[in-house]
Amino acid sequence: MTETTIQQDVVLFEEIACVGGKVIGIATLNSEKSLNALSLPMVELLLPQMQQWKNDKNIALVVLQGAGDKAFCAGGDIRDLYQAMKAAPDSYQPYVEDFFTKEYSLDYLIHTFEKPVLVWGNGIVMGGGLGLMAGASHRIVTASSRIAMPEMAIGLYPDVGGSWFLNRMPQGCGLFLGLTGASINSADAKLIDLADHFLTHDKKAAVLDKLTQVKWGNTIALNHQKLTDLLLGIEDMCRSQMPPSQIRLHQSSISAVGRATSLQQAVELILAMPNEDAWLTKAKASLNYGSPITAHIVYRLLQLGQSKILADSFRLELGLSVQCGKLGEFTEGVRALLIDKDQKPDWSYKTVSEVPAEVIDQLFLSPWSAELHPLNHLGSLEH
């Protein structure tokens, strides 16, 4: 087995030869201290490398993983975003546009990669980390996987394709998870189609080794099937260690949330959910803590329904994210949770009933004309 390592500080890239001559590309998010939080330098390394691997006929598949055993990726590294927004409040920020344009371009590339992409979603997978994982063809979760879109707490919203995948979950799940930022486990992720396979983390080295023993070919569909078969064989040995689904325990109540005819009603239904356990108690507390403006954004995104074009979802989200960067709610949320850590955000409105419709309407207005949209380059490579 030959191995080439290209050393980078925040992302490590390897190319490993397989028995039949094909090569596997491995990208490792390499910021263990920050739980591999996705920074702009990471995105700027991953985007061209993934594009190169996509076009390289010798690369059979790509593996994305995080350094260490605690997290694949605990979200976006938003401290630089905070500094940019704080420096010029209530105004458009080029850095905010640049960060999200590149991040969403990377997420879209993974969704439309065609070749197999395996993401090892061990430990914490949140926000921007879920953006990387959601579009992969083979999404692995483990016993320690903790997956969430906790943007309610920072005054943003579930972006990185959330407008696409929240709309495709079983009834009520997207709205419930978006409004509460509830952390879900591996069984939940499989239930709502955010993961494909449950494996125990101690099988990772064996999986990577077995990948090199497969005779990958030139037919992409066959390579997908070979990877699926390999993972299913190992998954059979691990099933007994999968934790029970938290969502399944509360599924009828969550479905009822999905039938709510207003945001106010959805919030009331969540806060009144019976059979309270530690997971649900925490979800309710997160809903009470979160930004009422974010709650409206989540509800509006789900009201818009399923976009048929993935690229349009990312274009919508980029406009929303830039508008959120200008509004100030995002800045205040980051300050309270991550900068001053007082956990006392001074939200613009105290309850969802106080938020004027025109505030949300403004957030959903694109800052650009259709011709000048920064994500116009996202093409029609969709399946």
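Reader: What volume does the largest cavity have?

Author: The largest cavity of this predicted model has a volume of about 70 Å³. On a 1 Å grid over the protein atoms alone, a cavity is a set of points where a 1.4 Å probe fits but cannot get out. Grid points are joined across faces, edges and corners, and the volume is the space filled by probe spheres set on the points.

Reader: Which residues line the largest cavity?

Author: The lining consists of Leu130, Ile147, Ala148, Met149, Leu166, Met169, Leu177, Gly178, Ala182, Ile184 and Leu194; lining residues have an atom within 4 Å of a point. Strand 9 (146–148) and helix 6 (173–180) are the elements that give two or more residues to this lining. Helices (H or I, at least four residues) and strands (E, at least two) are DSSP runs, numbered from the N terminus.

Reader: And how does that lining divide by class?

Author: There are 10 nonpolar residues, 1 polar residue and no charged residues. Ala, Val, Leu, Ile, Met, Phe, Trp, Tyr, Cys and Pro count as nonpolar, Asp, Glu, Lys and Arg as charged, and the others, Gly among them, as polar.

Reader: How many cavities of 30 Å³ or more does the structure hold?

Author: The structure holds 2 of them. The second largest cavity contains about 40 Å³ of space. Gln65, Gly66, Gly68, Ala71, Phe72, Trp120, Asn122, His201 and Lys204 form its lining, with at least two residues supplied by each of strand 4 (59–66) and strand 5 (71–73). By class, this lining has 3 nonpolar, 5 polar and 1 charged.

Reader: What about pockets: how much space lies in the largest one?

Author: About 1,000 Å³ lies in the largest pocket. A pocket is an open set of points with protein on both sides within 12 Å along at least five of seven lines.

Reader: Which residues are the closest to its centre?

Author: Of the 40 residues that line the largest pocket, Ala74, Met126, Pro150, Leu337 and Leu338 are the closest to its centre. The elements that give two or more residues to the lining are helix 3 (94–111), strand 7 (124–126), helix 13 (278–289) and helix 16 (329–339). Helix 13 gives the largest share, 7 residues. The lining of the largest pocket comprises 23 nonpolar, 10 polar and 7 charged residues.

Reader: Let us change topic. How many helices and strands are there overall?

Author: The protein has 17 helices and 10 strands. Its radius of gyration is 20 Å, close to the 21 Å that the globule rule gives for 383 residues, so the protein is as compact as a globular protein of that length. The radius is taken over C-alpha atoms, and the globule rule is 2.2 Å times the number of residues to the power 0.38.

Reader: What share of the residues counts as buried?

Author: Of the 383 residues, 55% count as buried. Buried means under 20% relative accessible area, exposed over 50%, and partly exposed in between (1.4 Å probe, protein chains only).

Reader: Is glycine 161 buried or exposed, then?

Author: Glycine 161 is buried, with a relative accessible area of 0%. Glycine 161 sits in the loop between strand 9 and helix 5 (162–165). Not counting residues up to four places away in sequence, glycine 161 touches Phe314 and Glu317, where contact means heavy atoms within 4.5 Å. The C-alpha atoms of glycine 161 and serine 313 are 6.6 Å apart, although 152 residues separate the two along the chain.

Reader: And where does isoleucine 293 lie?

Author: Isoleucine 293 lies in helix 14 (residues 292–303) and counts as buried at 2% relative accessibility. Leaving aside neighbours within four places in sequence, its contacts include Leu327, Tyr349 and Leu363.

Reader: Which phi does asparagine 275 have?

Author: Asparagine 275 has a positive phi of about 55 degrees although it is not a glycine. Asparagine 275 is placed in the loop between helix 12 (263–271) and helix 13, and is exposed at 61% relative accessible area.

Reader: How are residues numbered, and which limits apply to the model?

Author: Residues are numbered from 1 along each chain as its sequence is written. The model is predicted, so to speak of local features needs pLDDT of at least 70, side-chain atom pairs count only at pLDDT 80 or more, totals for chains, interfaces and linings use all residues, and side-chain values use heavy atoms, with hydrogens and water left out.
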